[in-house]
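Have a look at the model first.

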Amino acid sequence: MNSFLVIEHILRNRVDFFDEVRNGNGLSAKIRDMLVSSCMFFALYGLVMGYSNSWMQSLSSAVKLPVLFLITLVICLPTLYFFNLLFGSKLTLPQTLALILTAITVTAVLTLSFAPISLFFWLTAPNYQFFKLLNVGILTLTGFFGLTFLVQGMRYVQHEGRSVRTIILWMWIFVYGFVGTQMAWTLRPFFGAPELPFQLFRQFGGNFYVNVIESFWGLLSGLLR
Amino acid sequence: MQTIEAYLEEVASHLMTDMVTETEILREVEEHLVEAVAAGRAAGLSTEEAERRAVAQFGPAREIAEQFRQVHNESVSQAVLSAALPVLLTMILRSAVLPWLHSLRGWPTGPAPVFFTALIALALLVPALAIRRWRYGYAAWAFFSVMAILQAGSTP
């Protein structure tokens, strides 16, 4: 429960929080608390995501959703750190990690807040394509608001050379989103069609964007029929 | 005049919150008191006198309990529980408890208002008694559980 206090700190008093990151106060504890709480929140939401298929899928998604965000973080962290360093940033690796984790933690808590809504739609209108698009929409929305915290944090923590590094940050966010969606596709299924048996992973091939468009058309053609 | 232990017991009796929150609050109060006792000891007081002074300075147990309760009840932990618990409980109810009841021989084959009313009353009563301060999450749980039970009742 104490790990949840970091959320309160970020959401209620972000200026103080970013100040502490800039000064390096209690960075290890912050990183630990953000990791614990974001993993828990994503795991809980993963349970709901997999509910369209089976309990096994729920448990699998509860593990895979936090893993998705953490692996994407691990893959993308050095890029942001070294590009910032290249353009004169004084941020250390733990500070960069703390700022990215801030975005992930905010994304996680916002995502969890959507869990009752997601379950509500699955209980009242159990349409698989709609459920999939709804959850993709929720994760996109919460991811966007989470990343605005990263932008605010980076701007606050770094004083000099902000304009160049802001461009780098936006480019990194684009890469982060791209890596994240490909990672999600690699780790799929997170939902699992109700009529299909449980699968831990699917074969490689296809991509995330094509599948979202196909789901959209599937839903639309079902409505028009 | 009270010792720290007795004071903590009195604070606990006024808290009326779940066990996890209660433990957190009591730990926080104890930390403050221990610091105050250490300061008193450093000022030359005996342990008993330092404890008595720390408790007296901290304030009446009822007021302190009320202040902490307000702070903790507004905390993110409460909000997280309110979002997560109803969802988890509903998933367990719908996927495990209701199918198990369905497999029992006593499950009514036709409309049985008494059976489903009893089931709804049970689903609402148990969390209400178990988690006394769970106000916001309880409303969500009430909605989801009633809906899941009604759905189960409408399917053959």
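In chain A, 77% of the contacts with a separation of 6 or more are between residues 24 or more positions apart. Bear in mind that this is a predicted model.

How does its radius of gyration sit against the globule rule? Chain A comes out at 18 Å, close to the 17 Å the rule gives for 225 residues, so chain A is as compact as a globular protein of that length.

## Box and burial

Taken along the principal axes, the C-alpha atoms of chain A fill a box of roughly 60 × 35 × 30 Å. Of the 225 residues in chain A, 39% are buried.

## Where H6(A) meets H5(B)

Now for the contact between chains. Helix H6 of chain A (residues 115-124) packs with helix H5 of chain B (residues 76-103) at an angle of about 30 degrees, and their axes are 9 Å apart. Angles under 35 degrees count as roughly parallel, which means H6(A) is roughly parallel to H5(B).

Who's doing the touching? On the H6(A) side you'll find Ala115(A), Pro116(A) and Leu119(A). H5(B) brings Ala83(B), Ala84(B), Pro86(B), Val87(B) and Thr90(B). Sorted by class, the contact of H6(A) with H5(B) has seven nonpolar residues, one polar and no charged ones.

Notes: Residues numbered from 1 in each chain as written. Chains lettered and ligands numbered in written order. Predicted model: local features only at pLDDT ≥ 70, side-chain atom pairs only at ≥ 80, totals over all residues. Axes fitted to C-alpha atoms, helices over the stretch in contact; angles between N-to-C directions. Helix = DSSP H or I, 4+ residues; strand = E, 2+ residues; numbered from the N terminus. Parallel < 35°, antiparallel > 145°, perpendicular 65-115°, else oblique. Contact = placed C-beta atoms within 7 Å. Nonpolar A, V, L, I, M, F, W, Y, C, P; charged D, E, K, R; others polar. Rg over C-alpha atoms; globule rule 2.2 N^0.38 Å. Buried ≥ 20, exposed ≤ 12 C-beta atoms within 10 Å, placed from the backbone.
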